[in-house]
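Dear colleague,

I am handing over the structure shown here for your review.

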Amino acid sequence: MFARLRPLLFALDPERAHGLTIAALAAGLGPRGGPDDPLLATTVAGLALPNPLGLAAGFDKDARVMRATLAMGFGFVEIGTVTPRPQAGNPRPRVFRLVADAAVINRLGFNNGGVAAAMARLRAHRPAGMVGVNIGANRDSVDRVADYVGCARAAAPLADYLTVNVSSPNTPGLRGLQDPGELAALIAAVRAAAGATPVFVKVAPDLDPGAIDGIARVALDGAIAGLIVSNTTLARPGVTSAEAGGLSGAPLFAPSTAVLGAFARATGGALPLIGVGGVASGEQAYAKLRAGASAVQLYTGLVYHGPALVGRIKGDLAALLRRDGFASVAAAVGTGA
Ligand SMILES: Cc1cc2nc3c(=O)[nH]c(=O)nc-3n(C[C@H](O)[C@H](O)[C@H](O)COP(=O)(O)O)c2cc1C
């Protein structure tokens, strides 16, 4: 089905193709995955997942297709990024396919309908699976910490977990919140607003060893639920494109997995990590687990391979775990470090 649709979708502007995809999924036209192999069931930061493969933030920014993406077979889905007030984002065009590289560059800039609208949808259409809410700050915010706190207050009662996104490259200055002093204050404020809801922090792949150590220390001291590694990169590894924005997809796999491994070493396995970046196969999901991830997310792989990718990754991952004698996902975590 996707093989026939792909040329049609790829003939359209990427953002328009995405809009049509969301509309089709919201209309109930999405495929349904089969039951999960029991070997894939796992628990991350107290969250019981039927499988460790999640949908990364940005696909369903406004909480329109949670049911459809969970039905596709994802073990958890992350909506957002949402900001306190709705905002339009950057001028179009702002999403670009790099087809030869199986990559995407985006500079959307947190286009979203605001946290209240997304939470109204989540309240009205709460699906049975695991839903995380990724939160951010408005571009013109005068108090970014207050923006995160406001989103956390609104989302915590409805979300299975929150993700503090301090790593989008498309909101000027946002990544500065990864500096240890700022991050510690932000984590303390969000955790106070989130109550018992687990709080993850999503980081950039563009971090030097000193920055990784600083973030790891603050994450451990702040007793967050875990780190999501990583967002898109400002680097252009092996890619030639004049477009500004964050790069995702195949070229991000190696650098994001290296940074994931560095975080696993820096945290000594004491903090759950979720590995994201360039995953489009069971082998790559397995490599993220072996580098230290307790679960994995993807987005760009769906653009190039369609929804059947979800079942393929899960089937191949289960086969790899069995081949290597692992009795569970958790048993494989960090074994390749
Ligand atoms: C079009 C697009 C929009 C995205 N929007 C967000 C977002 O709103 N918040 C966020 O934390 N990450 C966002 N991301 C980053 C993804 O969640 C993910 O971290 C990154 O794309 C790497 O994974 P991938 O290579 O599997 O796509 C976006 C990615 C893409 C391609």
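The shell around the ligand holds 23 residues, of which A57, T81, K202, G278 and T300 come nearest; a residue is near a molecule or strand if one of its heavy atoms lies within 4 Å of it. Please note that this is a predicted model, in which local features need pLDDT of at least 70 and side-chain atom pairs count only at pLDDT 80 or more, while totals for chains, interfaces and linings use all residues. Residues are numbered from 1 along each chain as its sequence is written, and side-chain values use heavy atoms, with hydrogens and water left out.

A backbone N or O atom of A57 is 2.7 Å from a ligand oxygen, an N or O atom in the side chain of K61 is 2.9 Å from one, and a polar side-chain atom of N165 is 3.1 Å from one. The protein buries 97% of the 600 Å² that the ligand exposes when taken alone (accessible areas come from the Shrake-Rupley method with a 1.4 Å probe; for residues, only the protein chains shown count as cover).

By class, the shell has seven nonpolar, 14 polar and two charged residues. Here Ala, Val, Leu, Ile, Met, Phe, Trp, Tyr, Cys and Pro count as nonpolar, Asp, Glu, Lys and Arg as charged, and the others, Gly among them, as polar. Strands β4 (76-82) and β11 (246-249) each supply at least two residues of this shell; helices (H or I, at least four residues) and strands (E, at least two) are DSSP runs, numbered from the N terminus.

Strand β11 also contains S248. S248 is buried, at 11% relative accessible area (buried means under 20%, exposed over 50% and partly exposed in between, with a 1.4 Å probe and protein chains only). The side chains of S248 and T300 are joined by a polar contact of 2.7 Å, that is, a pair of N or O atoms within 3.5 Å; within protein, one must be able to donate a hydrogen and the other to accept it, and residues adjacent in sequence count only if both atoms are side-chain atoms. Leaving aside residues up to four places away in sequence, S248 touches A103, V104, T232 and T300, where contact means heavy atoms within 4.5 Å.

Two loop residues may also be of interest. A63, in the loop between β3 (53-55) and α3 (66-71), is buried at 2% relative accessibility. Q178, in the loop between β8 (161-165) and α6 (180-194), is buried as well, with a relative accessible area of 7%.

Turning to the helices, α8 (residues 253-267) has 15 residues and should span 21 Å at 1.5 Å a residue, which agrees with the 21 Å between its end C-alpha atoms; the expected span is 1.5 Å times one less than the number of residues. Its buried residues, including F253, L260 and F263, pack against β9 (199-203), α7 (209-221), β10 (226-229), β11, β12 (273-276) and α9 (282-291). Just after α8, G268 takes a positive phi of about 60°.

In α9, the buried residues are G282, A285, Y286, K288, L289 and A291. They pack against α8, β12, β13 (295-298), α11 (308-323) and α12 (329-332). G292, which follows α9, has a positive phi near 130°.

Yours sincerely
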